[in-house]
Amino acid sequence: MRDYPVLLPLARVALAPRLIAQGLAVRARTPPIPEALGDHSGRVGCGPPLRVLFIGDSSMAGVGADHLDQALPGQVRQALAPYYDVRWHMHARSSATTRST
């Protein structure tokens, strides 16, 4: 392909319909991974008051973890709890986008 630099863009254009169809088929067949179980708001710790709002997508919602305590929000709460009275709320869902949040 080094000798024919014009072929790569042409190949991408020619293959685009097939690749798009394959991507849509995979998306339709793949089951969603459940979000982690647990409270979406609460209070933990002692010390000066601190309010925390967790906003995000699947990583914030704990996809792949059994419980929210194992996910990012739970880990942050556990790290802050010895030093602050943490009041927290989480607004996250799998497949969220910047526009939807």
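Colleague: What should I know about the model before reading any value?

Modeller: It is a predicted model, in which local features need pLDDT of at least 70 and side-chain atom pairs count only at pLDDT 80 or more, while totals for chains, interfaces and linings use all residues. Residues are numbered from 1 along each chain as its sequence is written, and side-chain values use heavy atoms, with hydrogens and water left out.

Colleague: How many salt bridges are there, by what rule?

Modeller: Side chains of opposite charge can pair when their charged atoms come close. The rule asks for a side-chain nitrogen of Lys or Arg within 4 Å of a carboxyl oxygen of Asp or Glu. The count by this rule is two. One joins the side chains of R43 and D85, at 2.6 Å from N to O. This pair links distant parts of the chain, with R43 in strand 1 (residues 41–44) and D85 in strand 3, 42 residues apart. Helices (H or I, at least four residues) and strands (E, at least two) are DSSP runs, numbered from the N terminus. The other joins R77 and D69, at 2.7 Å from N to O.

Colleague: Which residues make up the largest nonpolar core?

Modeller: A nonpolar core is a set of buried Ala, Val, Leu, Ile, Met, Phe, Trp, Tyr and Cys residues joined through side-chain atoms within 4.5 Å. The largest one has twelve residues: A36, V52, F54, M60, A61, A65, L68, A71, V86, W88, M90 and A92. Two or more residues come from each of strand 2 (49–56), helix 2 (58–61) and strand 3 (85–92). Strand 3 gives the most, with four.

Colleague: What is M60 in contact with, beyond its sequence neighbours?

Modeller: Contact means heavy atoms within 4.5 Å. With neighbours within four places in sequence left aside, M60 touches F54, I55, L68, L72, P73, M90 and A92. M60 sits in helix 2 and is buried at 13% relative accessibility.

Colleague: Where is P48, and what does P48 contact?

Modeller: P48 is in the loop between strand 1 and strand 2. Neighbours within four places aside, P48 is in contact with Y83, Y84 and D85. P48 is partly exposed, at 47%. V44, in strand 1, has contacts beyond four places that include Y84 and D85.

Colleague: What lines the largest pocket?

Modeller: On a 1 Å grid over the protein atoms alone, a pocket is an open set of points where a 1.4 Å probe fits, with protein on both sides within 12 Å along at least five of seven lines; lining residues have an atom within 4 Å of a point. Here the lining is R27, T30, P31, P32, I33, S94 and S95. The space in this pocket is about 190 Å³, where grid points are joined across faces, edges and corners and the volume is that filled by probe spheres set on the points. Three lining residues are nonpolar, three polar and one charged. Ala, Val, Leu, Ile, Met, Phe, Trp, Tyr, Cys and Pro count as nonpolar, Asp, Glu, Lys and Arg as charged, and the others, Gly among them, as polar.

Notes. Buried < 20%, exposed > 50% of the residue type's maximum accessible area, 1.4 Å probe, protein only.
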